Amino acid sequence: MKFEFLRKVNKKLRDFFKENGFGCDVCGAELFDYPVHRLCADCEGKLQRNDGRVCPKCGRRTVAEGVCLNCKSNMPSFTQGFSPFVYRGESASFINRVKNGAPLLAAYFAEQMADDFLRKYPDAERFKREPLLLVPVPMTEKKRKQRGYNQAEELAEGVCEKLKASGYSVELDIGILQKVKDAAEQKHMDYKSRQDNVSGAFHVHKRKACQGRTVVLVDDIMTTGATGNECAKRLLGAGTKEVLFLTATALPELKE
Ligand SMILES: [Zn+2]
Ligand SMILES: [Zn+2]
């Protein structure tokens with residue numbers, strides 16, 4: 001009860017500063033046109049954009065033309081992935097801040113994610129006629145309580161606002177998927193171990209709400225794509241028409 005109250009107060013404060021901040025969300029440098037710009041030019045310049053050659057399936061930066069090696073060996077069940085930034089250097093360090101105590105920074109990433117999605121998705125105009133369903137990758141209730149927020153939800157909220165403001169028809173539902181078990185730390189696992197690790201970790205809680213819909217699954221980081229693949233599998237199994245995977249950053253293919 002006490003926790004829920006604090007969470008709401010924190011959320012209200014974040015929403016206030018999202019619109020009324022006055023400094024760069026990373027370094028605090030004064031910004032007169034906030035929130036038109038949420039980062040100063042210096043900080044924004046440090047981010048590595050995921051432009052150039054990307055995998056047509058998962059959206060990560062690739063070393064050669066065509067589908068990446070990761071997708072070749074384990075074709076994901078989501079239709080296509082999108083990430084505005086590469087999970088490297090400062091882009092990796094900034095997105096890690098979002099989950100480690102700087103949720104306000106999610107607003108910047110979310111706007112970039114919405115732009116990237118609209119730019120790369122071949123028929124974005126379709127979502128002016130047919131509503132998109134945004135679903136953040138969930139955390140277990142225990143983890144969420146520890147952290148006080150779920151960074152994927154923060155990102156999905158921002159993406160929703162930006163897409164709506166651009167004339168798209170979007171709904172956000174944070175209760176469609178549930179994470180029912182905390183998998184072991186995945187950092188040093190290969191794809192196969194990650195896939196086994198996340199298998200059965202997610203559960204579709206509201207089957208009816210996702211049936212026949214186009215879902216955009218939202219998360220902060222795509223590494224192997226195992227989490228996105230597992231969530232997509234569950235959603236498709238529950239009758240979702242199509243799953244797209246939108247993350248703030250994606251690990252590039254091997255060495256660049
Ligand atoms: Zn800055
Ligand atoms: Zn790929």
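Helix H8 (residues 151–165) is covered by several elements in this predicted model. Covering its buried residues are, among others, helix H4 (89–99), helix H5 (106–120), strand S3 (132–136), strand S4 (170–172), strand S7 (214–222) and strand S8 (242–250). Helices (H or I, at least four residues) and strands (E, at least two) are DSSP runs, numbered from the N terminus. A residue is buried if 20 or more other C-beta atoms lie within 10 Å of its own, exposed if 12 or fewer, and partly exposed in between, with C-beta atoms placed from the backbone. Two residues are in contact if their C-beta atoms, placed from the backbone, lie within 7 Å. Twelve of the 15 residues of H8 are buried, so the helix is largely enclosed by the rest of the structure. Among them are Leu155, Ala156, Val159, Cys160 and Leu163. Gln151, Glu153, Glu154, Glu157 and Lys162 are buried as well. The end C-alpha atoms of H8 are 21 Å apart, in agreement with the 21 Å that its 15 residues should span at 1.5 Å a residue. The expected span is 1.5 Å times one less than the number of residues. Just after H8, glycine 167 takes a positive phi of about 90°.

Residues are numbered from 1 along each chain as its sequence is written, while chains are lettered from A and ligands numbered from 1 in the order in which they are written. As the model is predicted, local features need pLDDT of at least 70 and side-chain atom pairs count only at pLDDT 80 or more, whereas totals for chains, interfaces and linings use all residues.

The largest nonpolar core has 61 residues. Such a core is a set of buried Ala, Val, Leu, Ile, Met, Phe, Trp, Tyr and Cys residues joined through C-beta atoms within 7 Å. The residues with the most contacts inside this core are Phe109, Leu134, Leu155, Val159, Leu217, Val218 and Leu246. H5 gives the most to the core, with eight residues. The core draws at least three residues from each of domain 1 (1–46) and domain 2 (48–250). In soluble globular proteins, nonpolar side chains tend to be buried together. Leucine 246 touches Phe82, Met113, Phe117, Val159, Val216, Leu217 and Val218, not counting residues up to four places away in sequence. H5 has 15 residues and reaches 21 Å from its first C-alpha to its last, close to the 21 Å expected at 1.5 Å a residue. Its buried residues include Tyr108, Phe109, Met113 and Phe117, along with Gln112 and Asp116.

A further set of contacts links leucine 235, cysteine 210 and valine 204. Leucine 235 is found in helix H11 (residues 226–237). It counts as buried, with 27 C-beta neighbours inside 10 Å. Beyond four places in sequence, leucine 235 is in contact with Val204, Cys210, Val215, Thr240 and Val243. Its C-alpha lies 9.6 Å from that of phenylalanine 202, 33 residues apart in sequence. Cysteine 210 sits in helix H10 (residues 207–210). This cysteine is buried, with 24 other C-beta atoms within 10 Å. Outside four places in sequence, cysteine 210 touches Leu133, Ile176, Val204, Val215, Leu235, Ala238, Gly239 and Thr240. The C-alpha atoms of cysteine 210 and glycine 239 are separated by 6.9 Å, although the two are 29 residues apart along the chain. Valine 204 belongs to strand S6 (residues 202–204). It is also buried, with 21 other C-beta atoms within 10 Å. Its contacts beyond four places include Ile176, Leu177, Arg234 and Ala238.

The protein chain is divided into domain 1 (1–46) and domain 2 (48–250), with bounds from an automatic or database domain assignment. Their C-alpha centres lie 22 Å apart. The contact takes eleven residues from domain 1 and nine residues from domain 2. On the domain 1 side, four are nonpolar, one is polar and six are charged. Here Ala, Val, Leu, Ile, Met, Phe, Trp, Tyr, Cys and Pro count as nonpolar, Asp, Glu, Lys and Arg as charged, and the others, Gly among them, as polar. A cis peptide bond joins tyrosine 34 and proline 35, with omega about 5°. Proline 35 is found in the loop between helix H1 (2–20) and helix H2 (41–45).

Overall, the protein chain has eleven helices and eight strands. Buried residues make up 42% of its 256 residues.
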